[in-house]
Each structure stands twice: as structure tokens, then as C-alpha cells.
Amino acid sequence: MSGLTPEEVHHHVKIYIRVFLALAALTVLTVGVSYLRLPVAIAVAVALIIATFKASLVATFFMHLNVERKIIMAILALTVFFFIFLLIWPAISRF
Amino acid sequence: MTDTSKHGHADHDHSHHDLPFWKKYIFSQDHKIIGLQYGWTALLFLLYGFGLMLLMRWQFANPGQPLPLIGNWFPESQMIGGVMLPEFFYQLGAMHGTVMVFLGVVPLAVGAFGNYLVPLQIGAPDMAFPKLNMMSYWLYFVGGVIMFASFWVPDGAAQSGWTSYPPLSILAGQGQTVWLVGMAFLINSSLLGSINFITTIVQLRADGLSFDRLPFFVWSQFVTSFLLLLAFPPLMAASVLQLFDRLFGSSFFMPTGLVVNDQVSAVAGGGNPVLWQHLFWFLAHPEVYVLILPAVGIVGEIIACNTRKPLYNYKALVYSAIFVGFMSFVVWAHHMFLTNMGTTMNTFFQVTTMIISIPSVIILTVLVLSLWGGSIRFNTPMLFAVAFLPMFGLGGLTGLPLGLAATDIHLHDTNYVIGHFHYVVAPGTIFALFAGIYHWFPKMTGRKMNETLGKIHFFFSLILMNCIFAPMLIQGLIGVLRRMYDPMQYAHAQPAQPLNVFISISAGLLAIAQIPFIVNFFWSLFAGQKVEENPWQATTMEWTAPSPPSHGNFVTPPQAHRGPYEYSAPGCKKDFWPQAMKETN
Amino acid sequence: MSDQGSIRYISHPHPVTGVTNSKLGVWCFLASEVMLFGALFSAYILLRTGVSSWPHGSLLLNVPLATLNTMILISSSVTMVMSWASLALNDIKKYRLYMTVTILCGLAFLVVKTFEYGHKFEHHHFPSTDNFYAIYFALTGLHCLHVIGGLIVNAYLLFPGSALWKKDPDQFRGRVEAAGLYWHFVDLVWIFLFPVLYLL
């Protein structure tokens, strides 16, 4: 990341501004949808989908994952796997 | 300790010689000093944890009898007239487990051996983050002091098992809060350490040292670090929740309608004690692989060196270690078969537990096969390393009826469990750690330990450890329950009482059997036989540095020219071909 | 004292992995943080699905205030990455400007949270009240501690730590990038916390 030219940096900055606007819009959207008082299961799904999309914008563009190296992606993939496992298994342990 | 290396680098290094004593030896950022700090502290805690257990063994063998000689030294809150109170018994039990696992074995296996050897074995000048390394040690030290001090808190130390299950742990006295705070320090120490190990192993390997040429010890530390990195945080989270329950009166783990001393508990309720168990065991299962992986790494190094041949199947060892690490995250609920989980969950965890035994057996088998056809040198490190194999094998086999839910119904919470895990950790891991001490003592001090004392230490420890833990397996099978001040209150357990006496005597003798080791250790520091850089004629890179290595480790950064175990290589004049040596040996 | 001079890849990336030590280190740290907050979210799921009724977040919590906080944190993420971009353009003045705004946004977030908590305590809503409040305080409290930690790091990089820019600009840029990654992660956690606690 240290070897970027000024043109590349300016290009990145343009993207940052666009991502910011998208995040702001999605925040308004997620709050707005909550007022619809959808059935719980659907409300959860919609909220999580929007949140996941916002999070991936932050991760991809602000955290530079779009250009990041394999080693970082490998550590993240491993972590995400265990994260999902930890998230789900205790709650479904009554089955 | 002579500093024989020349300093070829620029002005930075002159500053090292001008450092004040406290910066060079107390708040050191040198991985070797930090490794030794971990080593000393961990060995002291192992002795302390052993002492806690010896007190418990008196109660087991002589229930309700006053402890002779020193019984009256204990305050009335712990022993009345030398007779141990149940509360104190449970404090000893909880703290024995906590101290041995978190303050003894892991800091020795990872903090001491890992810190000292990993940079040397990969040809690096130090760890990637020296300041972070220093902080790791001091966080561990503070956590240890907090745990040690917890006995002096008004209600005594934590007494709800090392597992701290709620609701009991929520209702327990202040010692439990101290335990949680101590754990927070230890967890963060471990976190910083694991970041350091991973970054160091990935980034700072010498030129030519590709991953398929790494010493197996480094691989074992690498996998261990991932376990520590990803498995500890859920316990940190759970500890925060337990602190909330204890200090702020929340009900994360407190169920609705809990009755305590005939009164309904005045909490909001709605909590789930099993939630704690999930989060605790999510860490604590990978934790047991943290206990064993560095040990198999050490045993691998010592076996290769003392058989004068490469390990039987390096790739199988490495892939198995990685697979074990991965699987260790998805077996945790085999500790929870009796918590009324559904049959699907029970089945799932039983299956994953059976699967995880496969790579474990592969590792053990490869190490055993590595002896085949070797020119074996039965020095003290090798004796411990070879004894590790059947002991770990026994420990692993005794785990099978625990991992199968149907048989676990009978064995859960009995002394069988205690026998199982002590087999793996005591004549298992601790033997590997002893092997490591005898093996690497010359590198760290420039002197060898005495062989005769070493062999005495070995033979008595091996026999006595079996005398202690094998009877526990039998006790468990007939139904003696663990964590009981008075297990003989149940008629069915009473026939096992003579075994309790036998175990306790063996434990006392085991304590005495450590004296040759302690004497040997201190005597050898000052008067042991002086040795050169590579007294064992080993191939890995740490043996090319001076004994002990100076700051920066290597005069010129080494390069790896071959694999780590080129012993008895065809065409070589000598029976070992060091990894960092350019030309033929 | 360590011989930092001979430890490689502090300022320049490793030829094979392509990253510096600090970048790999901070991503490892973030991986552990994912597991930390993951465990808390897991607790939330288990507790909520274990009871028959659970209050809707908007009935008990202040949604407009939290929406404001969400915008504040997102903005601070942008200014944080802009401060790194300024360093990439060798503009130390712009770096200071953006970093200051980032810190101010973080402080604003904490001020809003203080109002929120104060309001709860005034109305006698504590962690002991029920598990909704308990998990709310636990999750947002731990998140706040992480915000404070980030502010301390950022303040260090703005004031005493910025002296490194003159000695080794690449290493300093790497530190700001690492701090940025941590700060974005703190924002990420909030992006999930906000809807889960306040809108569901």
C-alpha cells in the first residue's frame, strides 16, 4: 500500500466518498424498514442483510480488502468459519 | 556468559550494551530473556500447583484427620485444628487446575520454549514485536500474582472448579471475581503472544526456510498460536458476562426461579447456565490441544536428534497437526453430553470427537515409527521423549469412552475423567517439557545437566505418575465422583478408599522424586559440564548460535539449505547435516 | 532493548506475503476481536431464542440518537481513511486535520452514549433489570471500551507518535493504516450492533 502514486490515491478517495454516501443511505434505509414492523423472522433477515452489505463496503473499501493479500484473506476465512459456527451452534443445541 | 559474537549491524546495537540492568533483564525485549522469565515463573507455579494438590491428597487419604506438622499454620477459615474445611478443599481444587493449566504448563510450553526457540529455529534475530513480547510476559506475571493473592481474599480463592460453572460461581465469594480479573490478564497476555508468534513465523523465516522445511516444533507452535488467537476471546466474553452477573446482578447465566438456601433468588432470571458452558468449552477444548501440540513438537525434535534419522513422515505430522488444530474448534460440546442437549447435537459432537482422534493417532504413530531403525541414544531427554509416547497413547485411548456419549453417561464427573486428562498432561505434556529442559539446557546456559540425576528423576517420575493416575481410572469406573470433599459418603465408592491412600503416598513420593531434578538444575547452572554450541550434534538452526546466543542471535543471518532433519544423509561424512550449513558435512 | 534494526519487514512488505509485520499483526488482532464480539452475539441469540417474549428494541432504546451515532461513526471511518490517504500523498497537515476530526467524532460518539446511559440509569434501567438491558449494556459497554482504546491510539498517533513521520515515513504510514484498520473494525461492530439492539 505504500507504493501508491498520487493518481491512485485520488482515485481511492473518490471511492471513499461514494462508499460514505452509500453507507449513509443504507443507514436511513435500515431505520426506515424497521418502522414497517415486519414479522420478526423477515425483519431479522432484512436487517442482517443490510448490515452485512454495509459491513462488506467498509471491509472491502475502507479496509482495502479488495487489494489485500492472500495471507490476510486466509486468516479471515478461517476466522469467519469459526465465527459462524460459534454464532449458531450454542443456540441450536437443544436439537 | 561470554558474548562471542561480533556485531556487524549499524549503530542500533551499541545501545544494547549500554542498557541499565532493569531494561536488560527485568523489562527485557529480548525473546531469550523473556523466554527464561516465562520459564522460571512457570516452573515456580508448577511447583505451587503441585503443592496445592498435595494438600488435597492428604484429605483424600485421611479424611477428617488433622494435617501433621504444618496443619496448624493454616487459618481457621481453611483448617480447624489442622482438619481441612470443605470450602478450602474446593479452593485448592479450583486453583490447582487453574494454576497448572494457565500459569504452569502453557506458559512453559508456549511462553518459555516457544519464545526462546522459535526465533532461533527460524533464523530470526528476535520476535516480530519485541515490545509486545515484553508486555505479554508482564501481563502473565500480574495475572499470576492476582491468582496467587486470591487465597487471601475474605471468602478465599475461587472454589467453583477451574471451569467456574454458574450458578454456583455467580453465588460464590469474592475469590471468584478475583479469578475472573486474573483470567482477563492471562487471556490478554496470551492474545498478544499469539499475534507475535504468527507474525514472526510467517514473516521472519530465514531465506530458504520455506514452510515445508520448518522444524516440526515451529509448526506445532504455529498451529497452537492460531488456537490461542481464536479460541480465547469467547472465554474473555464469557468472563465479562460472568462479572456482570456477579457485580451488576444481571442474569446472563441465572435461570428463572433458582432456589438458593430455600429462597427464590432475587434476580431477573431468564438466563442460561449452559451458555457459560458453551463459551467456556469453546476455549477450553482447543486449550487442551494447546497443552499437547508444543509437547509433540518437542518430542519430535528430540526423537529425530537421538535416533540420528529424519522423522518418519514429516508431511503426515504437519498435516495432522493442522487438522487437529482445525477440528479442535468443533468438538467442545463433548464436555456437555449431560446438559440435556438434543440428540442431533450430541451425535454431531460425538462424530467430530471420533474424527479428531485420527490425526492424533497419526502423530503418535509417526513418532513411534520414527524410532524404527534408529541409532538410539538413550540420554535423559530421549528417555522422557520416548516415555511420552505410550503415556500419551494411554491417555488418548482412555479418552475414547468419554468421547462416546453413551459411555460418558457413566464416566462423566468421575475420577476416570481425572485419570484420563492427567495421563495426557502429566506423563504426557510435562514429560515432554522435562525432555525439552534437559535437551535445550545446554543451549540456554552453555552447560549440560547431570545424566545420573536425570535418569533417577525420570525412572521415579514415570513409575509414580502411573501409580497416581492409573488407580484413578479404576476409581472412576466403579463410580467415585470427582470434585468431592468426601467421595466416600457414597457406599458404592467406599471399596476405592485404599486406592486413595495408595495414590496419596505415590503423590508424596513423586514430590520427593522432583528433588534430583531441582538439585540437578541449580547445580548444573553453575557447575555443569561445559559444552560447545552443538553438544547433541543436531541439525536445526538454534544449534549454530553460541550457547547462550547473544542479542540478535546470529552474527550473519543464516540461510536454510535443506530440510530440518538431515540426519544420516547419504554421502555425508558426519551423521548430521545442519540445516544452515552451505557445504556438505 | 531490542535490535529493531535487524528485524525485517517493519516498514517494507515481505516479498512473498506482500505485507508488513504490523499489517499481519493487526489483522490477527482483528480476527480475535471478531471471535470476542461473535461470542457476545452468540450469547444474545441463545438468550433471545430461549425466552418466549423479548421487547422490541425501539420501544426501550432511543433510535434517533443511535442513528445519529451511526452516522458519526461512519463519518469518522471516512476521515480515518482520509488521514491515511493524506499520508500517502505526503501531506502531513491534511493528515493532522483528518485525524483530529476522527478523534472528535469518536468523542462525540462517547458523549451521545453517555447521555443514553445516563437516561437509562435515571429511569432505573440497569443490567440487573432484565436480560434485554443486560446484553444491551454488555455489548455497547464493551464496544465503548474499544472506542476509547481507539481514541487513545489515534491521539498517540496525532501527537507524540507523529514524530516517527520524520524518521521513517513508511513505518509511520503503516502504523496509521493499522490504527485505521482497527478503527474501521470498531465501526463494523457498531454496524451490526445498531440494528440488532435498536431495530429488532
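B:Phe388 touches B:Val299, B:Gly428, B:Phe431 and B:Ala432, when residues up to four places away in sequence are not counted. The model in which these contacts were computed is a predicted one.

Helix 14 of chain B, running from residue 415 to residue 445, is kinked by about 40 degrees at B:His439, a position shortly before the proline B:Pro442. This helix is mostly covered, since 29 of its 31 residues are buried. Just after helix 14 of chain B, the backbone at B:Gly446 adopts a positive phi of about 80 degrees.

Helix 16 of chain B, which comprises the 17 residues 497-513, reaches 24 Å from its first C-alpha to its last, close to the 24 Å expected at 1.5 Å a residue. Its buried residues are B:Asn500, B:Ile503, B:Ser504, B:Ser506, B:Ala507, B:Leu510 and B:Ala513, and these buried residues pack against helix 3 (31-61) and helix 15 (451-477) of chain B.

Elsewhere in chain B, B:His278 is placed in helix 9, which covers residues 273-307. B:His278 is classed as buried because 26 other C-beta atoms lie within 10 Å, where the cut-off for a buried residue is 20 or more. The C-alpha atom of B:His278 is separated by 24 Å from that of B:Ile358, a residue 80 places away along the chain.

Chain A contains three helices and zero strands, so that its elements, read from the N terminus, follow the order α-α-α. The radius of gyration of chain A is 18 Å, well over the 12 Å that the globule rule gives for 95 residues, and chain A is therefore more spread out than a compact globule. Along the principal axes, the C-alpha atoms of chain A fill a box of roughly 55 × 35 × 10 Å. Of the 95 residues in chain A, 23% are buried.

The contact between chain C and chain A takes 41 residues from chain C and 37 residues from chain A. On the side of chain C that touches chain A, helix 1 (21-49), helix 3 (63-88) and helix 7 (169-198) of chain C each supply at least two residues, with the largest share, 13 residues, coming from helix 1 of chain C. By class, the residues of this side divide into 27 nonpolar, 10 polar and four charged.

The contact between chain C and chain B takes 36 residues from chain C and 45 residues from chain B. Helix 1 and helix 5 (131-158) of chain C each supply at least two residues of the side of chain C that touches chain B, and helix 1 of chain C gives the most to that side, with 14 residues. The side of chain C that touches chain B is made up of 20 nonpolar, 13 polar and three charged residues.

Methods. Residues are numbered from 1 along each chain as its sequence is written. Chains are lettered from A and ligands numbered from 1 in the order in which they are written. This is a predicted model: local features need pLDDT of at least 70, side-chain atom pairs count only at pLDDT 80 or more; totals for chains, interfaces and linings use all residues. Two residues are in contact if their C-beta atoms, placed from the backbone, lie within 7 Å. Helices (H or I, at least four residues) and strands (E, at least two) are DSSP runs, numbered from the N terminus. Ala, Val, Leu, Ile, Met, Phe, Trp, Tyr, Cys and Pro count as nonpolar, Asp, Glu, Lys and Arg as charged, and the others, Gly among them, as polar. A residue is buried if 20 or more other C-beta atoms lie within 10 Å of its own, exposed if 12 or fewer, and partly exposed in between; C-beta atoms are placed from the backbone. The radius of gyration is taken over C-alpha atoms; the globule rule is 2.2 Å times the number of residues to the power 0.38. The expected span of a helix is 1.5 Å times one less than its number of residues. The bend at a residue is the angle between axes fitted to the seven residues ending there and the seven starting there.
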